[in-house]
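Subject: Structure handover

Hello,

Here is the structure you asked about. My notes on what was found follow below it.

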Amino acid sequence: MRSLTNDITIDSETGSKISLRELWLFRELFYFFAWRDIKVRYKQTVLGAGWAILQPLLAAGIFTLFFNHVAKIGSGAPNIPYPVFAYLGLTFWNSFSGAVGTVSNSVVGSAGLISKVYFPRLIPPLAATALSIVDFMFAIIVFFVLLIGFRIVPGLEGLLLIIPSLALIMFSAFGIGLFFAALNVKYRDIRSALPYLIQIWFFVTPVIYPLTLIPHRFQIWAYLNPATGAISSVKAGIFHQPVNWAGLGLSWLSTIVFIAMGLWYFKRTEKNFVDII
Amino acid sequence: MKPVIEVSGISKSYRISHQDEMKADYSTLKDDFSNLLKRPFGGGEKINRETFWALKDISFQVNQGDFFGIIGKNGSGKSTMLKILSRIVSPTTGSVKIHGRVASLLEVGTGFHQELTGRENIFFNGSMLGMSRQEIRKKFDDIVAFSEIEKFLDTPVKFYSSGMFVRLAFSVAAHLDPEILILDEVLSVGDAGFQKKSMDKMLSFSEDGRTILFVSHSMAAVRQLCNKGVLLNNGRVNIVGETDDLIDKYTDILAAESPDTVAKSSWEAKKIKSNEYFVPTKIYITDLHGKKMNGHLKHAKEYWFCIEGDLETENEKFNVGYSVRNRENNLLLYMSMSTDGPQTGWPRLKKGKVTFRGKIPGRVLNGGNYRFSLIASLHNEAWIFDLEDETPGIDVDIDTAISASPYWVNARSGAIAPINKWEIR
């Protein structure tokens, strides 16, 4: 049996502090949560994990057709094929939007569990984040196939930046999602509003267009958006362009702010979840 | 004995809105925005919210090895108490100290997912309830054997019958190994055979000296299982103590608050058919010591059925008795003074106040609700209060704890339920 100690005290302050020790104790439950979500997601689907690849692939195809061929928006450099450029952006963007979405709905989605069993309430958001990482892993493999297909030699800097950028995406999505997850318990409007917010976020992030499309003096502010930092720096590194390290630093700073805000609001409201969920 | 659970001064308040009482207590952004616009500085008309105390200043202790019941009617706060003890909701004030590894079961099958197979659900649910992966692996075969669903282990549970689902869910729960177990109405699941297995599991758990906290609506179950408990009423502690006292208090509360739904436990002269022989004034039941009963009788005990009244005419054939009808209004028993003895033993009665009492035999009536009605007649000559009339009577309920057999949840089959002797040759 899992138990923190043999003595528990329950009072009005219960659950208002983050206990890393307790999270560690419940690590198996976290694992089972993530495992269950992955199993359930791909049950009764024909393509299974193929969807993780097909989604960015189809989107990249559509954007190539309409953005690149019709609207004449390019990748920012003649030697970078637009489909590869767009696909790389979309794999990271899908992980970000997917994680924000699933984390935001994770608490309300686990209402049945939360109102019947005790476990650290941070576990469903954490497991939801893990789920997006799995999807990313499938999608990035196809990116390497594309690189070979288009005969592109990726920059070493870019390859080394893939994992840290994924981390940046996941941390920021976790922080933002956490805030919405807690807000969603009180205001179900979040569920309806979120898809629009994510859509707007998509267009202000240089996913399918190069950052150079933004006037130079505003570019640094675009890095306040962690998704910009992650996607622009990986793209720059892979396609042999200079990485904006200052911008990347700014993205990490804002991620820390997002996480702090998310955790603060989540923990502050956590003990009332069951009363109003 | 060392207390393993110490509850001190627990209170829990909720805010309830009178604006729209049917609505759950979560608002939309629109509500909060429009309220903000209406009174941007917090003044003016407030939303009509009221603080409701689901629990108020609850204190009690549970000792190691207790089978402790939490009883009370719906809305008494017992579910809230259970949720606080399970760390699902936090109290507004007060604290609980728990010494020992706790598992709490507020329902069977928490976290079961329809799309997952039986095997997968055992792992997820087990982990949810606090078992480690290693522990689940070790007990896996026992869990499967206990649930009797071996053949369907790799079928998604959405294809299970509800019986199979519940059996599997309970099996996982039954293999928890805590020092303190908190239970909520998860007992009466499955068919009779499975109930017996679950029951044995519970009892063996308790016999190991472990502590069980138990909430139930079934008074029979509480009486059979619990040695101690707390009675909650309107969010406050009514009494902490022995189970029998608790149940007596509880039935008093029920009787006082809703006389229509609970047995009418005595009768006093109202409108009756007038006659020249006997005017009954009071009808009630007492135990053998003469203590008035409140309408709840134990199957195994004997009681007195008492009739007070005024005898208006002396007649040696005068006869009183009682009849027992079940809920479906079938006549089960007919008992009267004159039919139960020889004519020489019939009493010589004098005019005036008189009290008759007749035994209600133990170990005859099955658990359930009955109506005991007055019978009066001139023996073999004429009815005074006959079997067909709406005669004065009282409602009684008899508990279902008929024997020491673990089939304790429901009444037995059949109209009556005497205990029989069995021999093997």
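**Where the two chains meet**

Strand β1 (residues 7-11) of chain A and β4(B) run antiparallel and are joined by five bridges. Helices (H or I, at least four residues) and strands (E, at least two) are DSSP runs, numbered from the N terminus, and two strands pair if DSSP finds at least two bridges between them. Within this pair, Ile10(A) stands opposite Val96(B).

This is a predicted model, in which local features need pLDDT of at least 70 and side-chain atom pairs count only at pLDDT 80 or more, while totals for chains, interfaces and linings use all residues. Residues are numbered from 1 along each chain as its sequence is written, and chains are lettered from A and ligands numbered from 1 in the order in which they are written.

The contact between the chains takes 33 residues from chain A and 43 residues from chain B; residues are in contact if their C-beta atoms, placed from the backbone, lie within 7 Å. On the chain B side, β4 (93-99), β5 (102-105) and α3 (118-128) each supply at least two residues. The largest share, seven residues, comes from β4(B).

**Chain A**

Chain A has 12 helices and one strand. For its 277 residues a compact globule would have a radius of gyration near 19 Å, and chain A agrees with that at 20 Å (taken over C-alpha atoms; the globule rule is 2.2 Å times the number of residues to the power 0.38).

Helix α2 (residues 27-42) and helix α6 (residues 123-149) of chain A pack with their axes 9 Å apart, at an angle of about 50°. Axes are lines fitted to C-alpha atoms, for helices over the stretch in contact, and angles run from 0 to 180 degrees between N-to-C directions. That angle makes α2(A) oblique to α6(A) (under 35 degrees is roughly parallel, over 145 roughly antiparallel, 65 to 115 roughly perpendicular, and the rest oblique). Residues of α2(A) that meet α6(A) include Phe30(A), Phe33(A) and Asp37(A).

**The sheet in chain B**

Chain B holds an open sheet of six strands in the order β5-β6-β7-β3-β8-β9, with mixed pairing. Its edge strands, each pairing on one side only, are β5 and β9 (236-242). β5(B) pairs with strand β6 (residues 180-184) of chain B in the parallel sense over four bridges, and Ala103(B) stands opposite Leu181(B) there. Helix α2 (residues 78-85) of chain B lies across β3 (67-71), β6, β7 (211-215) and β8 (228-233), running at about 135° to β3(B).

Regards

Definitions and conventions: Contact = placed C-beta atoms within 7 Å.
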